[in-house]
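Have a look at the model first, then read on.

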Amino acid sequence: MKSTITLSLLALSAAVAACKPKTATQEPVEQPSTAPVATAPSDTEAAPPPANWPDEPFRATRPTPGQVAELKLPQVETFKLDNGLEVYLVRNDKLPTVFMNFEFDFGSVSDPKSQIGLHSICLDLLDEGTKNLDKVAWEEKQADHAVSVTAGAGSDTTTLNVRSLKRELPAALDLLAEMLREPGLREADFERLKDRRKASIAQQKGNPGAIAGRVIGPLLWGADHPYGRIETDKTIDAIQLKDCTKVVGKLKPGGARLWVVGQISQDEIKQELASRLPEWKGKAPAKVNVAAAKPRLGSVFFVHVKDAPQSSVYVGHSGPKRNATDYEATDLMAEILGGSFSSRINMNLREDKGYTYGGRAGFSYRRPGSTFVASSQVRTDATGPSLREIAKEIATMRTTDAKPDELFRVQEGALLALPAEFDTPTATLMAFRGLQFYGLPLNWYDGYQKRLRAVDIAAVRKAAEKHLRAKDFVVLVVGDASKVLGDLDAIATEKLFGAGGVVVIDADAQPTKRPTE
C-alpha cells in the first residue's frame with residue numbers, strides 16, 4: 001500500500017511540474033537563433049502579445065499630486081462649571097473612549113531656587129497611590145478597569161490625566177476623586193522618587209549629548225531664569241515631603257482648565273464630576289508671568305568630557321513669540337534651514353561633508369518667546385569645521401533668497417502633514433490646548449492653510465533677516481578638550497559668533513577651570 005501511495009504522489013508531482021513555467025533554476029532551454037528569417041506574409045498570422053510595460057504616452061509624464069483638501073476641524077465647545085473650572089470639549093463619537101486633561105497654571109517655573117524639581121517630584125508622587133491603595137494596589141485597580149489616572153508637572157503647567165473607555169469612565173473618575181481627596185504621599189515612595197531623580201542626573205552627566213541638553217537652557221535663557229534652572233542633587237535633597245502636601249493643595253478648580261475629547265456630552269461631564277467631587281472648590285494659582293530671556297551672548301561655552309567619541313555642538317539665540325504675525329514664514333524658513341532631512345544644514349554636514357549622521361535647526365516656543373537652536377552630534381575631528389559650516393548656512397539664509405524648489409518642498413510638506421496633527425482625538429485636543437497656551441484663538445487653524453500658501457520667497461527672506469542673528473550667538477560644545485579646544489580658541493579669536501571668547505563650564509553650567517590638554 002505504501003509503495004502505491006508513493007508512486008501516486010510522484011506521478012502527481014510530475015504532472016504539476018509539467019504545468020509550471022520554466023524558471024531560472026530549471027534546466028536552460030535552447031534558444032532559437034536570433035538571425036532574421038524570411039517568412040511570407042500571412043493575413044492569418046497572429047499579432048504579437050502586448051509587452052508587459054507598453055510604451056504608452058501617459059508614462060512619459062510623472063503623475064501630479066491632487067490639490068490639498070481644505071482641513072475641516074471639529075468644533076470646540078466651551079463652558080464653565082459652578083466651581084470655576086473652564087471646560088473645553090471636543091466631541092468624538094468614532095470610538096467609545098474619553099480623555100480628560102485637567103490643566104493648572106503652575107509647574108517648574110514656580111519652583112523655589114533652592115528646590116528645583118519640587119513640582120515635578122511632588123506630582124510624580126501624587127499618582128503613586130492613595131491612603132487606601134498603595135502603589136501596587138493603585139496600579140492593579142486601574143488595570144482592572146483598563147483606565148489610566150496620572151499626574152505630572154511641566155515647566156509652565158501641571159496636569160491630571162484620565163483615559164478610559166466610555167463605560168469605564170465612572171470607575172476612572174472614582175480613582176481621580178480618591179487621589180485628590182486622600183492622596184497617599186508615602187515617605188517610602190517619596191524617597192524612591194528622589195533617588196531615581198538623582199540617578200537620572202548622574203546618568204545625564206556621563207553622556208555628552210545629555211550634558212548638552214542639560215546646560216543649553218541656562219545659556220539661552222539665563223542661569224537665574226525659570227527656564228534656565230537645573231536640577232542638582234542639592235536641590236533635590238532640599239525637597240521635603242511636607243512640601244508636596246502644599247503643592248497638591250494647589251490643585252483647585254477655579255481658573256483651571258479641563259480639556260475633554262471623546263464620546264461624552266456637556267451634561268455628562270457636569271454630572272460625572274459633580275457627583276464625585278462636590279466638595280472640590282477653591283481658586284488655583286494664577287499664571288506665572290515669565291520674563292524674557294537673558295542669554296549669555298557671544299561666547300563659545302565648552303564642557304570637557306575626556307575621551308568623548310564625538311562632540312555635541314549647539315548654536316542658538318533668542319527668537320520670536322509664538323503669536324508673531326510672520327509665524328508661517330518663520331516656520332518655513334526654519335524648515336529650509338534645518339527642519340527636515342533635506343534641509344541645508346543636514347545636507348551640508350551629513351551628505352556633503354560626512355561630519356555627522358544628522359544636523360538640525362529650528363525654533364522652540366515658550367509662552368514669553370522662543371529660542372533658535374542649530375545642533376548636531378559630529379565627529380570629534382570635525383567639531384570646528386562643523387561650527388563654521390553652521391555659521392555659513394545661517395548667514396546664507398539671512399543674506400540670500402530661498403530657492404523656489406526649497407519653498408515648494410517645505411510648503412507642500414507643511415500642508416500635507418497638517419492632518420497628522422489631528423489624526424487622533426488626543427492629538428486634536430493637544431492642538432487646541434496649544435493654541436490656548438500661547439494666547440491664540442481656538443479658530444486659529446481656520447485660515448492656516450491659506451496663510452501657508454501665501455508665504456513667498458520674499459517673506460521667507462524677511463523672516464530670516466528678522467529672526468536669525470548676524471552675531472552674538474550662544475555656542476555650546478561638549479567634547480574632548482585635547483582634540484577640539486584648539487579649534488574653539490581659533491573660532492573665538494576670529495569672533496565668528498561674537499566677542500565673548502571661550503568659557504569653560506561643568507555639567508551643571510557652572511564656570512570651571514580650563515582643562516589641561
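Is E279 buried, partly exposed or exposed? With a relative accessible area of 44%, E279 is partly exposed. Keep in mind that this is a predicted model. A search through the whole structure turns up 31 salt bridges, and a few of them are picked out below.

**Helix α4 and its partners**
- E279 pairs up with R181 in a salt bridge, at 3.6 Å from N to O.
- Since R181 is in helix α4 and E279 is in the loop between α9 and β7 (299-304), the pair ties together parts that are 98 residues apart in sequence.
- R181 is partly exposed too, at 47% relative accessibility.
- D174 forms a salt bridge with R276, and their closest N and O atoms are 2.7 Å apart.
- Here D174 lies in helix α4 (residues 169-181) and R276 in helix α9 (residues 266-276), so this pair ties together parts 102 residues apart in sequence.
- R276 is buried, its relative accessible area being 17%, whereas D174 counts as partly exposed at 39%.

**A loop tied to helix α5**
- The side chains of E128 and R192 meet in a salt bridge, 2.5 Å from N to O.
- E128 lies in the loop between α2 (118-126) and α3 (135-145), and R192 in helix α5 (residues 187-204), so the pair ties together parts 64 residues apart in sequence.
- E128 counts as buried at 7% relative accessibility, while R192 is partly exposed at 31%.

**A network**
- Salt bridges also link E103, D105, R257, R367 and R433 into a network.

Note on methods
Residues numbered from 1 in each chain as written. Predicted model: local features only at pLDDT ≥ 70, side-chain atom pairs only at ≥ 80, totals over all residues. Heavy atoms only, no water. Salt bridge = Lys/Arg side-chain N within 4 Å of Asp/Glu carboxyl O. Helix = DSSP H or I, 4+ residues; strand = E, 2+ residues; numbered from the N terminus. Buried < 20%, exposed > 50% of the residue type's maximum accessible area, 1.4 Å probe, protein only.
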